Amino acid sequence: MKALVLTRSTGEGHNRVALALKQVMESHGHVCEVTDAFRLVNRGGEDLDASKSRHQLVAAAGGESQVVASAPRRRSRSDVSATLYGWAALKMPSLFGTVYNIGDVYSRTRIPSPIFFHNQQYASLTYDYIEEREFDVVVSTHLFPQETLSAVRARYRSHVRYYGVLTDYSCTPFFSEPRLDGYFTPHPDMAADCRRHGLPAALTYAEGLPVSSRFSQPPSKSQARQALGLPEDRPVFLLMSGGVGSMFTGEACDRLLADGGEGVRVVILTGRREDLFTSITRRYEVDPRVSVVPFTDRVPDYMAAADILLTKPGAVSSTEAAVLGLPLVHTAAIPGGEVKNARFFAERGMCLYNQRPGEAARLVSWLLEDEAKVDWMRAHQQANMIHDGAQRIVARIEDAVG
């Protein structure tokens, strides 16, 4: 089987899910390519051989840096949607939530959305690429290329099968709009929500959210701390700001330092936001208790080394933590999908959640002192989380493709 996995770099979660699928597909002996779908928009008839490109997009799949796509030498279009997504999520989360809620209502009307009309224009370029590379199956981890694939499927006769992966713990607006050969969702408890949004039950498979095998086979806490140069005799708290960044980290870190005193160690992962890395580094440059880490491919190691994770409730990072068995506190959720993710985890005992960063940091300190609560949370993570989502999705596709 030859597979293409399409992603979009609006946050890192879509990339990590794509690379987790690639990891399993290749372990099964299949050929798999992971590509940012926006690359296909800018083909312009050029040869996209990696040796003829200047830049490469790299994503981290649980500690394994890999080439996701080779960007053409000349870009004929700018990725406005990704830029606007990052800006709105970081600077104006309330506006982001308003747009999300409007989209949720609109998607139930079954009227084709502006998102569909925008992305269907890329159908011919995408189809040409699929045919040239002779793929048997295409899987998309992001709504935008799913809309494009829907148009491809409607316009062109082909043996290729097209699938979409939902990367939130709620049926996000317009996920049911594309007409594909199958839809993969993170959890069986989402079935009713998916039906309300119009997903066909016969084509919807609750196989779990794909994460790298490194989260289910982590190093010991002692091994991880030694490898990262972290103290083995102190509490270590991990703060993750999310793929597009977040301004909550400073307030939360201040509270953790105040409650933890001289014995605490806080590690902050700032993702790809270089501006956030710079500002947080300056804020704590004279405090040896704080380590600020820019984009890294060692997230599984940092999670394995931590006592507790305090993070925005991105579905992928939250799933990674739960699969690993890391006590989890959610905060600063962006209205819409992230709020629903936090509630989904909290209602099933897999996290604690407080929207205010300072109060969430207090929950971290409280949780550290309550070993029974930590054990209870880990048990609920084990009971409620699907640990082998990538394997199950690949097996489902193999059965369909034959």
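This is a predicted model: local features need pLDDT of at least 70, side-chain atom pairs count only at pLDDT 80 or more; totals for chains, interfaces and linings use all residues.
1. Ala-332 has a relative accessible area of 16%, and since buried means under 20%, Ala-332 counts as buried.

2. A positive phi is also found at Phe-174, where the value is near 75° and the residue is again not a glycine. Phe-174 belongs to the loop between β6 (161-165) and β7 (182-185), and with 10% relative accessibility it, too, counts as buried.

3. Which strand pairs with β6 over three bridges, and in which sense? The partner is β7, and the two strands pair in the parallel sense. Within this pairing, Gly-164 has Tyr-183 in β7 as its bridge partner.

4. Strand β5 (residues 137-140) is joined to β6 as well, by four bridges, and these two strands run parallel. Val-137 stands opposite Arg-161, a residue of β6. Between β5 and β6 the chain passes through helix α7 (residues 143-155), and this β-α-β crossover is right-handed.

5. Is β6 mostly covered or mostly open? The strand is mostly covered, for four of its five residues are buried. A student tracing the chain onward from β6 towards β7 can then look for Phe-174 in the loop between them, where this residue is buried.

Terms used
Residues are numbered from 1 along each chain as its sequence is written. Side-chain values use heavy atoms; hydrogens and water are left out. Buried means under 20% relative accessible area, exposed over 50%, partly exposed in between (1.4 Å probe, protein chains only). Two strands pair if DSSP finds at least two bridges between them. A crossover is right-handed if, with the strands pointing away from the viewer, the path from the first strand over the helix to the second runs clockwise.
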